[in-house]
Amino acid sequence: MTFRETTIKYIKDILRAKTISEVIYAELQEAHLRKLEAETAAEYADAAIEFNERRIQRLERRLHQHKQEVL
């Protein structure tokens, strides 16, 4: 197949009406991608929560130690 034939075939494929199966498959792929992105965001949020919980505990201990030293 020549470059011209390949290009014409590609353009025709882009412009033709998609079948129901093709539309569903494309939407399914999109749904899987969005789910992965959401899972990544959830993992990041969980890590941020855990980090800040440890940070709060550490700062509260430091504050308590500082109050003890002042007395």
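Modeller: Start with a definition: the radius of gyration is taken over C-alpha atoms, and the globule rule is 2.2 Å times the number of residues to the power 0.38. For a compact globule of 71 residues, that radius would be near 11 Å, but this protein has 28 Å. The model is predicted: local features need pLDDT of at least 70, side-chain atom pairs count only at pLDDT 80 or more, and totals for chains, interfaces and linings use all residues. Residues are numbered from 1 along each chain as its sequence is written, and side-chain values use heavy atoms, leaving out hydrogens and water.

Biologist: What does the C-alpha trace span along its principal axes?

Modeller: About 85 × 30 × 15 Å.

Biologist: How many helices and strands does the protein have?

Modeller: Helices (H or I, at least four residues) and strands (E, at least two) are DSSP runs, numbered from the N terminus. Here there are two helices and zero strands. Helix α1 covers residues 3-15 and includes R4. Helix α2 covers residues 20-70 and includes R58.

Biologist: What percentage of the residues is buried?

Modeller: Buried means under 20% relative accessible area, exposed over 50%, and partly exposed in between (1.4 Å probe, protein chains only). Buried residues make up 0% of the 71.

Biologist: Is R4 exposed or buried?

Modeller: R4 counts as exposed because its relative accessibility is 63%. R58 has 37%, so it counts as partly exposed.

Biologist: Now the charges. How many side chains are positive and how many negative?

Modeller: Lys and Arg count as positive and Asp and Glu as negative; His and the chain ends are not counted. Each charge is placed at NZ of Lys, CZ of Arg, CG of Asp or CD of Glu. There are 13 positive and 13 negative side chains, and the centres of the two sets lie 4 Å apart.

Biologist: How many salt bridges are there?

Modeller: A salt bridge is a side-chain nitrogen of Lys or Arg within 4 Å of a carboxyl oxygen of Asp or Glu. The count comes to six. One of them joins E22 and R16, at 2.6 Å from N to O. E22 is partly exposed because its relative accessible area is 31%. R16, with 34%, is therefore partly exposed too. D13, R16 and E22 are linked in a network of salt bridges.

Biologist: Which residue forms a salt bridge with R34?

Modeller: E37, with the closest N and O atoms 2.6 Å apart. Both lie in helix α2, three residues apart, about one turn of the helix. R34 has 42% relative accessibility, so it counts as partly exposed. E37 counts as partly exposed because it has 40%. E39 and K35 also meet in a salt bridge, at 3.1 Å from N to O. Those two lie in helix α2, four residues apart.

Biologist: Which residues form the positive surface patch?

Modeller: Patches are made of residues with over 30% relative accessible area and no salt bridge: like charges are joined within 9 Å, nonpolar side chains (Val, Leu, Ile, Met, Phe, Trp, Tyr) within 5 Å. R55, R58, R61 and R62 form a positive one.

Definitions and conventions
Areas by Shrake-Rupley, 256 points an atom, 1.4 Å probe, with all protein chains shown as cover.
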